[in-house]
Each structure stands twice: as structure tokens, then as C-alpha cells.
Amino acid sequence: MNGSESVIETHGLSKHFGRHRGIEDVSLSVRRGEVFGLLGPNGAGKSTAIRLLLGLIRPSAGSGSVLGLDCWRARRAIHRRVGVLPSDFAYEDMLTGREVIDFFRRLRGLPADGRADELAERLRADLDRPLKQLSRGNHQKIGLIQALVHDPELLMLDEPTGGLDPLMQEEFLRIVEELRDDGRTVLLSSHNMAEVERACDRVAMIHQGGLLAVETVDSLLSRAPRHLRVTFDGPADAAPFAALDGVRDVRATGNSVEMDVAGDINGALKLATARHVVDLVCERPSLEHAFVRLYEDEDSGGEL
Ligand SMILES: Nc1ncnc2c1ncn2[C@@H]1O[C@H](COP(=O)(O)OP(=O)(O)OP(=O)(O)O)[C@@H](O)[C@H]1O
Ligand SMILES: [Mg+2]
């Protein structure tokens, strides 16, 4: 397989619900073997994008393909090949997890063997209780298992860690790492920046139905401001730092001054070392930081 082959591609994909915008003019491509994150606030359009890719709703404009197949016209063929966790995986049902997993397996025309027991053990899921008796997180585990059970070449997971406790989130992220090592492609949506930072190679940031950015997590982080904190041997002064290019949010407290530095940090460092420095901390930004900055820039651009 060609490593740069696209397994998901959209061109100007748009969906309107009457007067309401779902997504607008989304063009992106996900390569085979990538873990790709869709990140955005409530109502941004993440689930709409996933539902369009799965042919569950019809595009208002534009097109999309999954595994080379048209999302709308070839939706049945796509469903057979993709492991899916919908955003609303919930069954008020007397069926057990095992029965529900089996139901979806038969719908997709897949053989009876699979990883259900192994995954259930790792995620501490009970496959033999009726779904209606399960807590939200334990319900979600059944949804994850039915998506993963047959090692599909492509997974689309809408908020996969929703409702999972931190230990199970961690186990899920390990499973995603294994899938990536195994050459599978994963598209997942999330609100959790730390999770996306850890799991994803690239991320699409969606805001009000449109794409704000599609970038590698590494490049987003490298462009985001560093947080710098300097402690001197006497009272710190914020003003000289605040006058520097690319320096924002300067705060001086006692002998310390802290700030966010976008781009080159040498100006701030030179200014700091002109005095006697007792301590210096330069923190790598979190994805959350990068993300908030992007949104702020978007908002100040008068687009909202
Ligand atoms: N069936 C529908 N009818 C009308 N509007 C809809 C419908 N489905 C989605 N929308 C609208 O489309 C927009 C995007 O919704 P979507 O569910 O894709 O957001 P999301 O990014 O998944 O949000 P969340 O993080 O809350 O899951 C919202 O404004 C929503 O109100
Ligand atoms: Mg959603």
C-alpha cells in the first residue's frame, strides 16, 4: 500500500439543515495509516462531518469519498469496511453487549470470530449484561468494542472516550497506538486536547461548520506561544518585556515575571539575562493553548 494514499477525501463538502448550517465547504484528506483528529466546540460540525462520510446524511453540496468509494452512493459498501462508533451509541435494550456486537457484525456481513473477549478484558467491559443496565461509560465500551472487533482498516469514532474514566481513556489510547502501528487509519472526534495531542498525527480544527486549520499536531505546537517564567534576584518589571514583539500576557509578581512568547524567544531571553537570573522555566505549549490562540485570532478577525 502506498503510504500517502488517501482513505478519506472531501471536496467542498457542505451540509445545511434548512436554515441551519451543519458544515460548510470542508475539503480535507486523511492518509492511510494516520490517526486524524476532528477537534471543535459543541455544535462545530464534527458529528455532521462523520455522518456525511458514512452516507448517513446526504451532502447539500460538495462530495466525499471513503476508501475510494462515494460517501453517499456507496454507503452500504463503506459500512461493511469501516468500524464506526456513532456519537449517540445508546441502546435502552434487554440485549447484552455480546448480542449487540453480534447484531452489528451480522449487519456488516462479517465472520463470527473477533476480538470481543480480548477487548472486553482490556476495557473491563461486561459483555453479558443487558445494555439498559449499564452505566454510560460501560455502555460506551460496548460501542467501542463493536467498532473495533474485526480490526477494520478504517475506524471513524465520534467522541470515543466520552464517558470513560481516566484509566479506560488511557487503555483506549493504547489501543489506538496499536492500531496505528498496525497501519490502520483512525478518524476520531474529541473535545479533549490532551487526548488529541497524544493520539493524533494530524488534526482538523472545526469552528462554526468550517475548517480553521488542518495541521500536524507537531507543527501546531511549534507555532504556539511558549510560556516563559523568569525569576530575578530582585523585583521584576513587566514593562520592558511587554514592549517586545510577539510577547503577550506579561505578568510580574515579586521577583518573577511570566509571559507568552510567540515565535523566536531570543529577544525575551536576552532581556532576561541582562539581569541576574535565579531561575528560568520555558514551557512547551499544550495543544489547548495553540487551539485557544487560533480561535482568538479567528474571533478578532471579525468573522463571528
Ligand atoms: N438533524 C439536524 N437538524 C438541524 N440541525 C442540525 C442537525 N444535525 C446537526 N445540526 C446542526 O449542525 C451543527 C453541527 O452539529 P454537530 O452535531 O455536527 O456538532 P458537533 O461538532 O458534533 O458538536 P458536539 O461537540 O456537541 O457533538 C449544529 O449547529 C447543529 O445544530
Ligand atoms: Mg458531535
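Student: Which helix gives the most to the shell around ligand 1?

Tutor: This is a predicted model. In it, strand 2 (20–31) and helix 1 (46–53) each supply at least two residues of that shell. With 3 residues, the element that gives the most is helix 1.

Student: Which residues surround ligand 1, and how do they divide into nonpolar, polar and charged?

Tutor: The shell includes F17, H20, G22, N42, K46 and T48. G40, G43, A44, G45, S47 and S87 also surround ligand 1. The division is 2 nonpolar, 9 polar and 1 charged.

Student: Is G143 buried or exposed?

Tutor: Start with its place: G143 lies in helix 5, residues 136–148. A residue counts as buried if 20 or more other C-beta atoms lie within 10 Å of its own. G143 has 28 such atoms within 10 Å, so G143 is buried.

Student: Which residues does G143 touch, leaving out those up to four places away in sequence?

Tutor: Contact here requires C-beta atoms within 7 Å. With residues up to four places away set aside, G143 touches L85 and F89.

Student: How far apart in space are G143 and C282?

Tutor: In sequence, G143 and C282 are 139 residues apart. The domain assignment gives domain 1 as 6–216 and domain 2 as 225–284. The C-alpha centres of domain 1 and domain 2 lie 43 Å apart. For G143 and C282, the C-alpha to C-alpha distance is 41 Å.

Student: Why do the buried residues of helix 3 lie on the same side?

Tutor: The buried residues are G97, V100 and I101, in helix 3 (residues 97–107). They cover an arc of only 100° around the axis, which puts them on the same side of helix 3. An α-helix has 3.6 residues a turn, so residues three or four places apart point the same way. The reason asked for is the arc of only 100°.

Student: What do the buried residues of helix 3 pack against?

Tutor: One partner is helix 4, residues 116–123. The other is the helix that holds G143. The buried residues of helix 3 pack against helix 4 and helix 5.

Student: What share of the contacts between residues at least 6 apart joins residues at least 24 apart?

Tutor: The protein has 11 helices and 14 strands. Buried residues make up 38% of its 304 residues. Of the contacts between residues at least 6 apart in sequence, the share joining residues at least 24 apart is 67%.

Note on methods:
Residues are numbered from 1 along each chain as its sequence is written. Chains are lettered from A and ligands numbered from 1 in the order in which they are written. This is a predicted model: local features need pLDDT of at least 70, side-chain atom pairs count only at pLDDT 80 or more; totals for chains, interfaces and linings use all residues. A residue is near a molecule or strand if its C-beta atom, placed from the backbone, lies within 6 Å of it. Helices (H or I, at least four residues) and strands (E, at least two) are DSSP runs, numbered from the N terminus. Ala, Val, Leu, Ile, Met, Phe, Trp, Tyr, Cys and Pro count as nonpolar, Asp, Glu, Lys and Arg as charged, and the others, Gly among them, as polar. A residue is buried if 20 or more other C-beta atoms lie within 10 Å of its own, exposed if 12 or fewer, and partly exposed in between; C-beta atoms are placed from the backbone. Two residues are in contact if their C-beta atoms, placed from the backbone, lie within 7 Å. Domain bounds come from an automatic or database domain assignment. The arc is that of the directions from the helix axis to the C-beta atoms.
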